[in-house]
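Me: I would like to go through this structure with you. Could we take it one topic at a time?

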Amino acid sequence: MTEPVLETRNLRKAFGALTATDDVSLTLRAGEIHALIGPNGAGKSTLIAQVSGALAPDAGSVLLEGRDVTARDTAARARAGLARTFQISQLAMEDTVLQNALLGALGQSGRPWRFLRPALADRSLRDRAEAALERADLADFAATRTADLSHGQRRQLEIAVALTLQPKAFLMDEPMAGLGMEGSAALTRLLDSLRAEAPILLVEHDMDAVFALADRISVLVYGRIIATGTVDEIRADAAVRDAYLGE
Ligand code: ADP
Ligand code: MG
């Protein structure tokens, strides 16, 4: 089997007496959506933070394409191709959709953000930003003020910004949260098509989205993975039903 794109090995993080993640080992393979589900407080966001570099683990390691990135900070991991989305506050709300995508492309080019104005005239950066918008189904909104987008479209823009970095893997923590039916359906379609470009480690409470999208599901309970399997395997797992699905 080919090497996983992303791997965690025995990640552990305690907050005082509480062990939020306990010996968590998982893989993200090329082309897949691997969903991480579990009750509130199970440690899902803590795990994502350790993978992104926002939180240093007490033990264990994170490997991107086989390279140990555990000692690298979030910015270095992002440059290495680990894209974390859904920090909506990072979008410049008064700027246009295209300007936000350009900021992403500009960040990748290593030039400081004060060069945004010249960047608008830079053909290659502009092409990259426009391609990312097209990819995230936002081509028609390039000139729209970001504040005027719907909630779901802002999430699509976060993905477009990440796409300008040509990511190797996506980390997403509850992207469907707060979206209505239309927004969830649009985002589900987008994630479905994204996995071919970069696999997605997806934390999500919306089980319809998880069952529609996931190639594999891991179930986290009290910081430990209690099961990993396909949608059918997880739905049929008695321990998972008891601990989480409540069916
Ligand atoms: P989930 O995302 O699965 O809902 P979290 O990873 O946010 O769970 O939290 C796991 C546990 O760790 C919870 O009990 C939470 O209260 C605790 N926790 C998370 N972050 C901190 C922190 N910075 N300090 C103390 N406890 C924390
Ligand atoms: Mg969480």
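Me: What distance separates the centres of domain 1 and domain 2?
Reply: This is a predicted model. In it, the centres of domain 1 and domain 2, taken over C-alpha atoms, are 26 Å apart.

Me: Which residues belong to domain 1 and which to domain 2?
Reply: According to the domain assignment, domain 1 covers 1-81 + 168-247, and domain 2 covers 88-166.

Me: How many residues of each domain are in contact?
Reply: On the side of domain 1 there are nine residues, and they are in contact with 10 residues of domain 2. The element that gives the most to this side of domain 1 is α7, with four residues. By class, the side of domain 1 that touches domain 2 comprises seven nonpolar and two polar residues, with no charged residues.

Me: Turning to α7, at what angle does it pack with α6?
Reply: Helix α6 (residues 151-163) and helix α7 (residues 181-194) pack at about 20°, and their axes are 9 Å apart. Angles under 35 degrees count as roughly parallel, so α6 and α7 are roughly parallel to each other. The crossing in which α6 passes α7 is right-handed.

Me: Which residues make that contact?
Reply: From α6 they are His151, Gly152, Arg155, Gln156 and Ile159; from α7 they are Gly183, Ala186, Leu187 and Leu190. The residues of this contact of α6 with α7 comprise four nonpolar, four polar and one charged.

Me: A change of topic: which residues surround ligand 1?
Reply: The residues around ligand 1 are Phe15, Leu18, Ala20, Gly38, Asn40, Gly41, Ala42, Gly43, Lys44, Ser45 and Thr46. The elements giving two or more residues to this shell are β2 (18-28) and α1 (44-52).

Me: Which element gives the most to the shell?
Reply: That is α1, with three residues.

Me: And how do the residues of the shell divide by class?
Reply: The shell around ligand 1 has six polar residues, four nonpolar and one charged.

Definitions and conventions:
Residues are numbered from 1 along each chain as its sequence is written. Chains are lettered from A and ligands numbered from 1 in the order in which they are written. This is a predicted model: local features need pLDDT of at least 70, side-chain atom pairs count only at pLDDT 80 or more; totals for chains, interfaces and linings use all residues. Axes are lines fitted to C-alpha atoms, for helices over the stretch in contact, and angles run from 0 to 180 degrees between N-to-C directions. Angles under 35 degrees count as roughly parallel, over 145 as roughly antiparallel, 65 to 115 as roughly perpendicular and the rest as oblique. A crossing is left-handed if the near helix is turned anticlockwise from the far one by less than a right angle, and right-handed if clockwise. Two residues are in contact if their C-beta atoms, placed from the backbone, lie within 7 Å. Ala, Val, Leu, Ile, Met, Phe, Trp, Tyr, Cys and Pro count as nonpolar, Asp, Glu, Lys and Arg as charged, and the others, Gly among them, as polar. Domain bounds come from an automatic or database domain assignment. A residue is near a molecule or strand if its C-beta atom, placed from the backbone, lies within 6 Å of it.
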